[in-house]
Amino acid sequence: MSESRLYTFSHETKEQLRKFRLGTSRAKTPMAKIYQIDIKTQEIKPSSDETYTDMLELADDLPDSSPRYILLSYPLTLPSGRLSVPYVLIYYLPVNCNPNMRMSYAGAVELMRGTAEVNRVIEISDAEDLQEIEEKLKGED
C-alpha cells in the first residue's frame, strides 16, 4: 500500500473523476479522458480538459513513448440485445517507454482504478489497440 501513497490526486481531480463517472453512466456515445502522472509532483491529473468521443482522435493524442491512463465509458449492445455502458480504465503502456515511467505508472494503476471507481483495467501497448476496444469489452463481459 505504501507505493500508492507516493501518488496524489488534487481535490479538483477527484471531483472531476466523480463527475465523469456519474455523467457518462448513461452515455449514448463513447466518452474518454486521458490522465497522466506529473513526474515532478507525483500527482495524477488529466492530460487536458478534452473529453474524447472518437477512438481514432483519442489514439492520435496518445504519446508514442509515455504511459497514460484512459478512463472510458463505452456504450455497446451485448449479444443478448441488452444495452451496457462499461466504465473501464485503459492502462496504456507503450513497449518503448522509459523504464522509470513504466514503474511509476505500474505503481499507481491500482490507486487510479480505485479512485476512479472502475471495476476493470484493460492494458494496451499500442494506441491502435483502441480500435478493437469494443471487441475487448464484449469479450470479457
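## Strand pairing in the sheet

Strands E3 and E6 form an antiparallel pair with 6 bridges between them. Within this pairing, Arg68 stands opposite Tyr92 of E6. The description that follows refers to a predicted model. E3 spans residues 68-73, and E6 covers residues 87-92.

These two strands belong to an open sheet of 5 strands, arranged in the order E2-E1-E3-E6-E7, with mixed pairing. The edges are taken by E2 and by strand E7 (120-124); each has a single partner strand, so one side of each is left without a neighbour in the sheet. From one strand to the next, the twist averages 25°. As a general point, the strands of a sheet pair through backbone hydrogen bonds, in either a parallel or an antiparallel sense.

## The hairpin of E1 and E2

Strand E1 (residues 31-38) and strand E2 (residues 43-46) are also paired in the antiparallel sense, here over 4 bridges. Gln36 has Lys45, in E2, as its bridge partner. The hairpin has 4 residues between its strands, and Gln42 in this hairpin adopts a positive phi near 65°.

The loop between H1 and E1 contains Lys28. Lys28 counts as exposed because its relative accessibility is 72%. Although Lys28 and Tyr74 are 46 residues apart along the chain, their C-alpha atoms are separated by 8.3 Å.

H1 (residues 11-24) also meets helix H3 (residues 99-116): the two axes come within 9 Å and cross at roughly 60°. The two helices are therefore oblique to each other. On the H1 side the contact involves Lys14, Leu17 and Arg21, and on the H3 side Met112, Thr115 and Ala116. Sorted by class, the residues in this contact are 3 nonpolar, 1 polar and 2 charged.

## Aromatic pairs

The whole structure contains 3 aromatic pairs. One of them joins Phe20 and Tyr87 in a tilted arrangement, with 6.3 Å from centre to centre and 50° between the planes. Because Phe20 lies in helix H1 and Tyr87 in strand E6, this pair ties together parts that are 67 residues apart in sequence.

Tyr69 and Tyr91 are both buried. Together with Tyr105, these two tyrosines, Tyr69 and Tyr91, form one aromatic cluster.

Key:
Residues numbered from 1 in each chain as written. Predicted model: local features only at pLDDT ≥ 70, side-chain atom pairs only at ≥ 80, totals over all residues. Heavy atoms only, no water. Axes fitted to C-alpha atoms, helices over the stretch in contact; angles between N-to-C directions. Parallel < 35°, antiparallel > 145°, perpendicular 65-115°, else oblique. Contact = heavy atoms within 4.5 Å. Nonpolar A, V, L, I, M, F, W, Y, C, P; charged D, E, K, R; others polar. Phe/Tyr/Trp six-rings, centres within 6.5 Å; stacked < 30°, edge-to-face > 60°. Buried < 20%, exposed > 50% of the residue type's maximum accessible area, 1.4 Å probe, protein only. Pairing = 2+ DSSP bridges.
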